[in-house]
Amino acid sequence: MKPIQVGLLGMGVVGSGTFNVLRRNQEEIKRRAGRGIEITMVADLDVVRAQSLVGEGVKVVSDARAVIANPDIDIVIELIGGYGIAKSLMLEAIAAGKHVVTANKALLAVHGTEIFAAASDKGVMVAFEAAVAGGIPIIKALREGLTANRIQWIAGIINGTTNFILSEMREKGLDFSVVLKEAQRLGYAEADPTFDIEGVDAAHKATIMSAIAFGIPVQFDKAYVEGITRLAAQDIRYAEQLGYRIKLLGITKRVAKGIELRVHPSLVPTKRLIANVEGAMNAVMVQADAVGTTLYYGKGAGSEPTASAVVADLVDITRLHTADAAQRVPHLAFQPNALSDLRVLPMDEVVTSYYLRLRVADQAGVLAKVTGILAEAGISIDAVLQREADEVVIEGATPALPQTDLIILTHDCQEANMNGALAQMQALPTVLQPIVRIRKEELA
Ligand code: HSE
């Protein structure tokens, strides 16, 4: 049988990785897919550079629409990224009857409903293993491997840049801004790292996993997103003393009232495997009723790790494209007409536990006032630690008044209650700085 023909849009890091993996492993891939898979056309604005990467046998053009218009192309790989031109091109490829493979988490998290509906109407596949956690086959695991299960929650380290920064902050005792500069110098962080450090990239990925896990539409606009930019080295150190590491987690959870979907820094017990995932690595923990807890670990970005996921999708499509569309694995794991309208909860309704750090005046009665406010709000305390403050300066006070750091771990409570208690504690004259609040996940 003649090889299936693939058009590649965007010959960047992942594009060239895809080309190289496909060529290097072509014999084994053909034995697995039952048919050869060949990239025969590439679109990239830098035609000369792209041509030098793929050699003379592959047609390289600057106009992506020429690839979509080519009737010989069966599958289009979209590696342009972003919500703009990538969306138009993907919808045009679908309209032209092409199957699409993409690594574009932002596009799917925001416009997935429209894209999957267009693909279903046209009877084509949109495959996106590379969109979540790069080389880790988490989409395959959630959508197929765990299909027997009722999934309860997912918690993942799904952004390598921020995990690298947090690891460096912990190991070297440095503050966020110092490590960010170093990460940029080493090429771990983009020149504009906003999407990574503000948690947006992780929220795109969590949104996609949430949809697949619980059979709900992709709803990025409902995700709570908080990044790592306000984390201080001393909180990482205090957390360590209490037996926790701070990780940026993407969390989605089924609870009685609906679905939680949130990305924020979280204390995780150091004894959990996921707490020990360091550097730029990714890991996703899934709790499901039949299998229990499973953990998936690997490289979440990079040329060939991401290409590994792209090529796996190419193989899937090659095997399934002649199958009746109704027999294929649904885009979001559940049949499109069986998606649920479970509510994604606003953050105020989320129930979790907390780490609080209060810089207070070291005087009689301060701790009693703080714990009194928590008690009044029905918030139960799990642990309290008092540590001498790093620097003891109050403007205008001579000599400086004695200060101390109060670190409090709480049991579970509703976020709205905690917000109320925080406002009251902050208003105490003996609370001298903005209170630090970091959520805590036991992941038991
Ligand atoms: N920028 C992402 C990360 C990789 O740092 O993990 C692509 O999603």
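## The largest pocket

Let's start with the open space in this structure: the largest pocket has a volume of about 1200 Å³. Please keep in mind that this is a predicted model. The lining of this pocket is made up of 45 residues, and K105, E190, D196, D201 and A301 are the ones nearest its centre.

Which helices and strands each supply at least two residues of that lining? They are α1 (13-24), α6 (105-122), α8, α10 (194-197), α11, β11 (281-288) and α13 (303-320). Sorted by class, the lining of the largest pocket holds 18 nonpolar, 19 polar and 8 charged residues.

## Where the ligand sits

The largest pocket is also where you will find the ligand. Around the ligand are K105, N159, G160, T161, D196, D201, K205 and A301. Of these, K105, D196, D201 and A301 are also among the residues that lie nearest the centre of the pocket.

Two helices, α8 (160-172) and α11 (200-214), each contribute at least two residues to the shell around the ligand. Both helices also supply at least two residues each to the lining of the largest pocket. By class, the shell around the ligand has 4 charged residues, 3 polar ones and 1 nonpolar one.

K105 takes part through its side chain, with an N or O atom 2.8 Å from an oxygen atom of the ligand. The side chain of D201 also has an N or O atom 3.1 Å from a ligand oxygen.

How much of the ligand does the protein cover? On its own, the ligand has 260 Å² of accessible area, and the protein covers 81% of it.

The largest cavity contains about 40 Å³ of space. Its lining consists of L166, S167, R170, I236, R245, I246, K247 and E278.

Helix α8 turns up again here, as α8 and β9 (244-255) each provide at least two residues of the cavity lining. So what classes of residue make up this lining? The residues lining the largest cavity divide into 4 charged, 3 nonpolar and 1 polar.

Note on methods. Residues are numbered from 1 along each chain as its sequence is written. This is a predicted model: local features need pLDDT of at least 70, side-chain atom pairs count only at pLDDT 80 or more; totals for chains, interfaces and linings use all residues. Side-chain values use heavy atoms; hydrogens and water are left out. A residue is near a molecule or strand if one of its heavy atoms lies within 4 Å of it. A polar contact is a pair of N or O atoms within 3.5 Å; within protein, one must be able to donate a hydrogen and the other to accept it, and residues adjacent in sequence count only if both atoms are side-chain atoms. Accessible areas come from the Shrake-Rupley method with a 1.4 Å probe; for residues, only the protein chains shown count as cover. On a 1 Å grid over the protein atoms alone, a cavity is a set of points where a 1.4 Å probe fits but cannot get out, and a pocket is an open set with protein on both sides within 12 Å along at least five of seven lines; lining residues have an atom within 4 Å of a point. A molecule sits in a cavity or pocket if more than half of its atoms lie within 2 Å of its grid points. Helices (H or I, at least four residues) and strands (E, at least two) are DSSP runs, numbered from the N terminus. Ala, Val, Leu, Ile, Met, Phe, Trp, Tyr, Cys and Pro count as nonpolar, Asp, Glu, Lys and Arg as charged, and the others, Gly among them, as polar. Grid points are joined across faces, edges and corners, and a volume is the space filled by probe spheres set on the points.
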